[in-house]
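Me: I am new to this structure. Please show me how to read its features, one at a time.

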Amino acid sequence: MYSFEFSSIQTLSQATLLEKDFFIWIWYADKIPPHIGCSMNGHYFSLKVNGKDNGILVSKAFQLIQKKAIPCVFVKVKTELNQSAIELAYESYQQAEPQISTCLTPIAQLFNCLTEVKQLSELLKYLNDQHKIETVFGVNLDEDYRGILNYNQEDITNRLQKLKDVKREKHIS
(Lines give C-alpha, C1' and ligand atoms only; values in the text may rest on other atoms or scores of the structure.)
Protein backbone atom coordinates (compact mmCIF):
# COMPACT_ATOMS: atom_id res chain seq x y z
CA MET A 1 0.00 0.00 0.00
CA TYR A 2 2.80 2.45 0.88
CA SER A 3 5.97 2.98 -1.11
CA PHE A 4 7.40 4.85 1.90
CA GLU A 5 6.06 4.82 5.43
CA PHE A 6 7.05 7.50 7.95
CA SER A 7 8.15 6.22 11.35
CA SER A 8 6.48 9.18 13.05
CA ILE A 9 4.74 12.37 12.00
CA GLN A 10 4.47 15.28 14.40
CA THR A 11 1.64 17.77 14.07
CA LEU A 12 3.04 21.07 12.88
CA SER A 13 2.27 23.44 15.71
CA GLN A 14 3.48 26.64 14.08
CA ALA A 15 4.44 27.54 10.51
CA THR A 16 7.48 29.45 11.74
CA LEU A 17 9.20 26.06 12.25
CA LEU A 18 9.41 25.88 8.43
CA GLU A 19 11.29 29.17 8.16
CA LYS A 20 14.66 27.73 9.17
CA ASP A 21 16.62 24.81 7.80
CA PHE A 22 15.82 22.73 4.71
CA PHE A 23 12.41 21.08 4.27
CA ILE A 24 10.87 18.95 1.56
CA TRP A 25 7.19 19.86 1.27
CA ILE A 26 4.83 17.07 0.21
CA TRP A 27 1.56 18.65 -0.99
CA TYR A 28 -1.54 16.48 -1.38
CA ALA A 29 0.35 13.84 0.58
CA ASP A 30 -2.62 11.48 0.28
CA LYS A 31 -2.80 11.64 -3.54
CA ILE A 32 -1.12 9.71 -6.36
CA PRO A 33 1.29 11.23 -7.10
CA PRO A 34 1.77 13.98 -4.52
CA HIS A 35 3.44 17.28 -5.43
CA ILE A 36 6.71 18.32 -3.83
CA GLY A 37 8.75 21.43 -3.32
CA CYS A 38 11.40 22.53 -0.86
CA SER A 39 12.18 25.45 1.37
CA MET A 40 15.18 26.96 3.04
CA ASN A 41 15.49 29.99 5.26
CA GLY A 42 11.91 31.12 4.74
CA HIS A 43 11.84 30.73 0.95
CA TYR A 44 9.88 28.08 -0.95
CA PHE A 45 10.76 26.54 -4.34
CA SER A 46 8.72 24.24 -6.57
CA LEU A 47 8.65 23.12 -10.20
CA LYS A 48 5.12 22.93 -11.63
CA VAL A 49 3.48 22.40 -15.03
CA ASN A 50 2.57 26.09 -15.16
CA GLY A 51 6.01 27.35 -14.14
CA LYS A 52 7.76 27.44 -10.80
CA ASP A 53 7.65 28.95 -7.37
CA ASN A 54 11.03 30.57 -7.05
CA GLY A 55 11.79 31.76 -3.54
CA ILE A 56 8.30 32.73 -2.46
CA LEU A 57 7.80 33.35 1.24
CA VAL A 58 7.16 30.19 3.25
CA SER A 59 4.42 32.04 5.13
CA LYS A 60 2.51 32.70 1.87
CA ALA A 61 2.80 29.07 0.72
CA PHE A 62 1.66 27.86 4.13
CA GLN A 63 -1.33 30.23 4.08
CA LEU A 64 -2.52 28.50 0.90
CA ILE A 65 -2.22 25.10 2.62
CA GLN A 66 -4.29 26.35 5.55
CA LYS A 67 -6.88 28.12 3.40
CA LYS A 68 -7.48 25.06 1.19
CA ALA A 69 -6.91 22.49 4.00
CA ILE A 70 -4.38 20.65 1.83
CA PRO A 71 -2.94 17.49 3.43
CA CYS A 72 0.81 18.12 3.63
CA VAL A 73 3.94 16.56 5.06
CA PHE A 74 7.11 18.54 5.77
CA VAL A 75 10.35 16.57 5.97
CA LYS A 76 13.20 18.34 7.74
CA VAL A 77 16.45 17.25 6.10
CA LYS A 78 19.97 17.57 7.52
CA THR A 79 22.03 19.12 4.75
CA GLU A 80 24.90 21.46 4.01
CA LEU A 81 22.94 23.02 1.12
CA ASN A 82 22.53 26.77 0.97
CA GLN A 83 19.89 28.89 -0.69
CA SER A 84 22.04 29.79 -3.68
CA ALA A 85 22.48 26.05 -4.48
CA ILE A 86 18.70 25.68 -4.44
CA GLU A 87 18.21 28.74 -6.63
CA LEU A 88 20.79 27.37 -9.07
CA ALA A 89 19.06 23.96 -9.25
CA TYR A 90 15.70 25.58 -10.04
CA GLU A 91 17.25 28.00 -12.53
CA SER A 92 17.84 25.08 -14.92
CA TYR A 93 14.09 24.47 -15.38
CA GLN A 94 11.20 26.57 -16.60
CA GLN A 95 8.42 24.10 -15.74
CA ALA A 96 7.65 20.44 -15.17
CA GLU A 97 7.29 18.56 -18.46
CA PRO A 98 6.01 15.01 -18.93
CA GLN A 99 8.98 12.62 -19.42
CA ILE A 100 11.49 15.49 -19.12
CA SER A 101 11.33 16.95 -15.61
CA THR A 102 9.04 16.67 -12.60
CA CYS A 103 8.69 18.48 -9.31
CA LEU A 104 11.22 15.95 -7.99
CA THR A 105 13.95 16.68 -10.57
CA PRO A 106 15.60 19.79 -9.03
CA ILE A 107 15.43 18.31 -5.52
CA ALA A 108 17.03 15.02 -6.62
CA GLN A 109 19.66 17.12 -8.41
CA LEU A 110 20.42 18.94 -5.14
CA PHE A 111 21.19 15.63 -3.45
CA ASN A 112 23.18 14.28 -6.43
CA CYS A 113 20.86 11.31 -6.84
CA LEU A 114 19.10 12.26 -10.08
CA THR A 115 20.03 9.03 -11.87
CA GLU A 116 18.89 6.63 -9.13
CA VAL A 117 15.85 8.54 -7.82
CA LYS A 118 12.76 8.81 -10.04
CA GLN A 119 9.99 9.00 -7.42
CA LEU A 120 9.43 10.67 -4.08
CA SER A 121 9.54 7.37 -2.18
CA GLU A 122 12.98 6.64 -3.67
CA LEU A 123 14.23 10.06 -2.57
CA LEU A 124 12.86 9.53 0.94
CA LYS A 125 14.46 6.07 1.13
CA TYR A 126 17.74 7.54 -0.11
CA LEU A 127 17.67 10.32 2.51
CA ASN A 128 16.58 7.90 5.24
CA ASP A 129 19.42 5.48 4.40
CA GLN A 130 21.84 8.41 4.69
CA HIS A 131 20.32 9.35 8.08
CA LYS A 132 19.41 12.79 6.74
CA ILE A 133 15.72 12.84 7.72
CA GLU A 134 15.61 14.74 10.98
CA THR A 135 11.91 15.35 11.71
CA VAL A 136 8.62 14.88 9.87
CA PHE A 137 5.70 17.25 10.43
CA GLY A 138 2.19 17.08 9.05
CA VAL A 139 -0.92 19.24 8.68
CA ASN A 140 -4.44 18.43 7.52
CA LEU A 141 -3.68 14.69 7.47
CA ASP A 142 -6.21 11.96 8.17
CA GLU A 143 -5.71 10.19 11.47
CA ASP A 144 -4.68 6.98 9.68
CA TYR A 145 -2.14 8.61 7.31
CA ARG A 146 1.16 6.71 7.39
CA GLY A 147 3.09 7.49 4.23
CA ILE A 148 3.45 7.84 0.49
CA LEU A 149 1.06 5.62 -1.47
CA ASN A 150 2.39 3.24 -4.13
CA TYR A 151 2.51 4.66 -7.64
CA ASN A 152 4.70 4.34 -10.71
CA GLN A 153 6.37 6.47 -13.37
CA GLU A 154 3.32 6.21 -15.61
CA ASP A 155 1.16 7.76 -12.87
CA ILE A 156 3.55 10.73 -12.75
CA THR A 157 3.60 11.16 -16.53
CA ASN A 158 -0.21 10.88 -16.76
CA ARG A 159 -0.69 13.47 -14.00
CA LEU A 160 1.71 15.94 -15.61
CA GLN A 161 0.05 15.45 -19.00
CA LYS A 162 -3.40 15.96 -17.48
CA LEU A 163 -2.27 19.19 -15.79
CA LYS A 164 -0.64 20.34 -19.03
CA ASP A 165 -3.86 19.64 -20.97
CA VAL A 166 -5.93 21.59 -18.41
CA LYS A 167 -3.46 24.47 -18.69
CA ARG A 168 -3.76 24.40 -22.52
CA GLU A 169 -7.59 24.38 -22.35
CA LYS A 170 -7.61 27.38 -20.02
CA HIS A 171 -5.23 29.21 -22.34
CA ILE A 172 -7.39 28.50 -25.42
CA SER A 173 -10.69 29.57 -23.86
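Reply: Start with a salt bridge: the side chains of Asp-53 and Lys-48 meet at 3.0 Å, N to O. Keep in mind that this model is predicted.

Me: Is Asp-53 buried or exposed?

Reply: Asp-53 is buried, with a relative accessible area of 16%. The cut-off for buried is under 20%. Lys-48 counts as partly exposed, at 26%.

Me: How many salt bridges does a search of the whole structure find?

Reply: The search finds 4. One of them joins the side chains of Asp-21 and Lys-76, at 3.2 Å from N to O.

Me: Which parts does the pair of Asp-21 and Lys-76 tie together?

Reply: Asp-21 lies in the loop between strands E2 (10-11) and E3, while Lys-76 lies in strand E7, so the pair ties together parts that are 55 residues apart in sequence. Asp-21 is partly exposed at 36%. Lys-76 is buried at 17%.

Me: And Lys-31, which partner does its side chain meet in a salt bridge?

Reply: Asp-30, at 3.9 Å from N to O. Lys-31 is partly exposed, at 45% relative accessibility. Asp-30 is also partly exposed, at 29%.

Me: Now the rings. How is a pair of aromatic rings described?

Reply: By two values: the distance of the centres and the angle of the planes. Here the count comes to 9 aromatic pairs. Trp-25 and Trp-27 form a stacked one, with 6.0 Å centre to centre and 25° between the planes. Planes under 30 degrees apart count as stacked.

Me: Are these two Trp residues buried or exposed?

Reply: Trp-25 is buried, with a relative accessible area of 0%. Trp-27 is buried as well, at 7%.

Me: Which residues do ring pairs link into a cluster?

Reply: Trp-25, Trp-27, Tyr-44, Phe-62 and Phe-74.

Me: Phe-62 is in helix H1. Which residues of H1 are buried?

Reply: In H1, residues 58-68, the buried ones are Val-58, Ala-61, Phe-62 and Ile-65. They cover an arc of only 95° around the axis, so they sit on the same side of H1.

Me: What do the buried residues of H1 pack against?

Reply: Strands, including E3 (22-27), E4 (35-40) and E5 (43-48). The list also holds E6 (51-57), E7 (72-77) and E8 (133-139).

Me: Which exposed residues does the face turned away carry?

Reply: Lys-60, Lys-67 and Lys-68.

Me: What comes just after H1?

Reply: Ala-69, which takes a positive phi of about 50°.

Technical notes:
Residues numbered from 1 in each chain as written. Predicted model: local features only at pLDDT ≥ 70, side-chain atom pairs only at ≥ 80, totals over all residues. Heavy atoms only, no water. Buried < 20%, exposed > 50% of the residue type's maximum accessible area, 1.4 Å probe, protein only. Helix = DSSP H or I, 4+ residues; strand = E, 2+ residues; numbered from the N terminus. Arc of directions from axis to C-beta. Contact = heavy atoms within 4.5 Å. Phe/Tyr/Trp six-rings, centres within 6.5 Å; stacked < 30°, edge-to-face > 60°.
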